[in-house]
Every structure is written in C-alpha cells, then in structure tokens.
Amino acid sequence: MRKKLCIGIAYDVKEDYSISAEGFLHCDFSMLFEIKMIKELLEERGHSVYLLGNYQKINKMLLDGEFPKIDIVMNTAEGILSRNREGWLPSLFEINNIPYSGSDAYALNLTLNKLHTKIIAEYLNIPTPSYCKIDCIDDIKIAVRSVKGPWILKPNYEGSSSGVMFVNSEEELKQTFQKLSAEYQQPLLCETYIEGREFTVALLYDGKNTKTLGTVEIIRKGESQIGIFSAEDKYSDTCTKIPAVLPGKIIEDMQESAQKLHQFLGCKDYSRTDYRVDMNGQYYFLEITPLPNVDYESGFAKCCEYSKYNLGKVLEEILYNALKRYKNGQDR
C-alpha cells in the first residue's frame, strides 16, 4: 500500500499581486476554488494538505526556517512580470532539496516562450500555424508580407489566453500591436488564424511512460465551433468541453505529437496541449502547457472525466510519479 503523503500546495492568485479579479488582461493564475478543490480531492484520498501560497510567502518561510515538514509540493504557481516567472519556485525548491511535482524551471520557462516552442514543434515535424515575432511597429510590414492573414496576435510570454486578439487588416494589426505592447511590455507573436475547431489533449507521467488521458473539443455554447478561445471565454460560462469527435487518425496524430513534444521538452508528470483542426482535417499545434488548470471544468479535468479517470486519483498519480523520480535521482 502506498504511503499517505503530507503535501504542500504552491499557488498564486490575482489578489496576491493586487490584480482585479474582474478583468481578463492578466489571467495566468489559479483561482481559490481550484486550489480548495485540489486540497479536498487529495484529502479524500487520505493525504494531509497544507496551502503554502506564492513564491513570496514560500521564500519567507524558507528564510525564517518555518517551511513545514512535507513529503512533496504540488506546484501550480505561475509567478508574474517575467519570462522566467514559472521557473521561480521550481528553482527555489531545487536549491533547498524539496521534492515538487511538475516540470522543472527550464521546461516551464521554455514552454512559456511561445515562439521558441513553435520552433521546436517545427523541428519535430509537428504542424503549426505560420508565424513571426513582432518587436516593434516596423515589424508589422514584415508580418503582413510573411504571414497570411487574418491573424492572431498574442503576448509571447503569457498564458491562459491573456491578450489573445483576432485581427483582420494591416491597420488593425498596428492598432492591436500598440495596445498589447503597452499592456504587456513584451514581444508579440503573430500567427495565421486557423478557421476551424479547437481541441486539447491531456497527458500524464513523463519519458517513455507518458500516456494520454484523453482529448476534448472546446465549443461555444449553442454553436458547433469556436472563433478564438479568449481569456474571457476561459473564465466565464460561454464555452464548454465535449468528447472529441474526429476521424481516429487525426486524434491519434494529435495525441502522438503531444507526447512527442512533452517528451522532447522534458515536461514532467502532466501537461495539456492545444490544437486547431481546419475544415480539411489538418491539425495545427497551438501551445503546450505544463502547468494546466485542473478544476472540474478545465480541459485537463474533462479529458479525465470523459475517459473515466478519477481526477483525485490522477492528481495523486502526479505526486507519486514526481516522488518516484526524485527518490531515484531522476528528478531533473
């Protein structure tokens, strides 16, 4: 019988950084109901769970010698205002020899960089929408010449669809670039918009043991497909997830490419990979998320639900997998 664990949950919420809970400009954080849900699911399985908070609180605990005696940290924290933000806590845990779940700082920071992840996807022969990086207003003309419109414009180092915008003309591209640059203070990624359907694949474990938990489609309620899956959509009641219905070969190819990218990037324990599928059945990789939301309505949880995997059991498996790797000296 497996040992019951003493678990600390690392997390951050908008309120930690005085960001309004009502807006959608910065959304790459947990919500308290999700953290409480994780705590309850793990406690139902017999584990003891402590809520640790964000990097500031955890760093202070370590400096003051007040970090609790735990077996492992379940890391869900995202950080803020840095392209290295997702790697802060994994690095801190490694320095202090504290076991934690999920990918290490390198994999988290690499996947946060949308441009670099797309370059790697291309290297692995995974289809992805054509793209370019926009650093300044002069790059707009290059984008118009090299990337077929209409376009999706998004901050390069954000998650949860923060700042994702659809644009349909060169003038609109300029205006949207100025707006997003002022708000996010980082390079933008410009992609060809893929008209079609949106899917997500959930994975568990890592290396040769990586397995697919399931694939779901994201749809707008009352409609068959979604234009763009915006931050507002993700954090409101406008969309839902349904079991993926596609020719088997397309689902198989998406799952295979998700596993290939997860393994190549060195992602650990779990991840979620997002795709668009056009009217001709061609799939396109959008991004991989090694710190996916796991609340009941999330793509990750719905993949578990529709494939008959108990979410509490999956969360437990994430932690046991991380501990096994750590004890075998294969954690990083």
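Hi everyone, let's start with a pair of strands: strand E5, residues 151-155, and strand E7, residues 188-192, pair in the antiparallel sense over five bridges. Within that pairing, Trp151 stands opposite Thr192 in E7. Before I go on, please keep in mind that this is a predicted model.

E5 and E7 belong to an open sheet of four strands, in the order E4-E7-E5-E6, and the pairing is antiparallel. Which strands stand at the edges? They are E4, residues 131-134, and E6, residues 165-167; each has a single partner strand, so one side of each is left without a neighbour in the sheet. From one strand to the next, the twist averages 25°.

This sheet also has helices lying across it. Helix H6, residues 139-146, lies across E4, E5 and E7, and runs at about 175° to E4. Helix H7, residues 170-184, lies across E4, E5, E6 and E7. If you take E5 as your reference, H7 runs at about 15° to that strand.

On to the other sheet. Here five strands form an open sheet in the order E10-E9-E8-E11-E12, again with antiparallel pairing. The edges are strand E10, at 239-243, and strand E12, at 283-289; because each has a single partner strand, one side of each has no neighbour in the sheet. The twist in this sheet averages 30° from one strand to the next.

Strand E8 covers residues 196-204 and strand E9 covers residues 211-220; the two run antiparallel and are joined by seven bridges.

How many disulfides does the model have? The count comes to zero, with a cut-off of 2.5 Å between the sulfur atoms. Take Cys132, which is in no disulfide: the nearest cysteine sulfur belongs to Cys190 and is 4.8 Å away. Cys132 counts as buried, because its relative accessibility is 13% and the limit for buried is under 20%.

And what about Cys303, is that residue buried or exposed? Cys303 is buried, with a relative accessible area of 1%. The closest cysteine sulfur to that of Cys303 is in Cys304, at 6.9 Å, which is too far for a bond.

Methods. Residues are numbered from 1 along each chain as its sequence is written. This is a predicted model: local features need pLDDT of at least 70, side-chain atom pairs count only at pLDDT 80 or more; totals for chains, interfaces and linings use all residues. Side-chain values use heavy atoms; hydrogens and water are left out. Two strands pair if DSSP finds at least two bridges between them. Axes are lines fitted to C-alpha atoms, for helices over the stretch in contact, and angles run from 0 to 180 degrees between N-to-C directions. Buried means under 20% relative accessible area, exposed over 50%, partly exposed in between (1.4 Å probe, protein chains only). Contact means heavy atoms within 4.5 Å.
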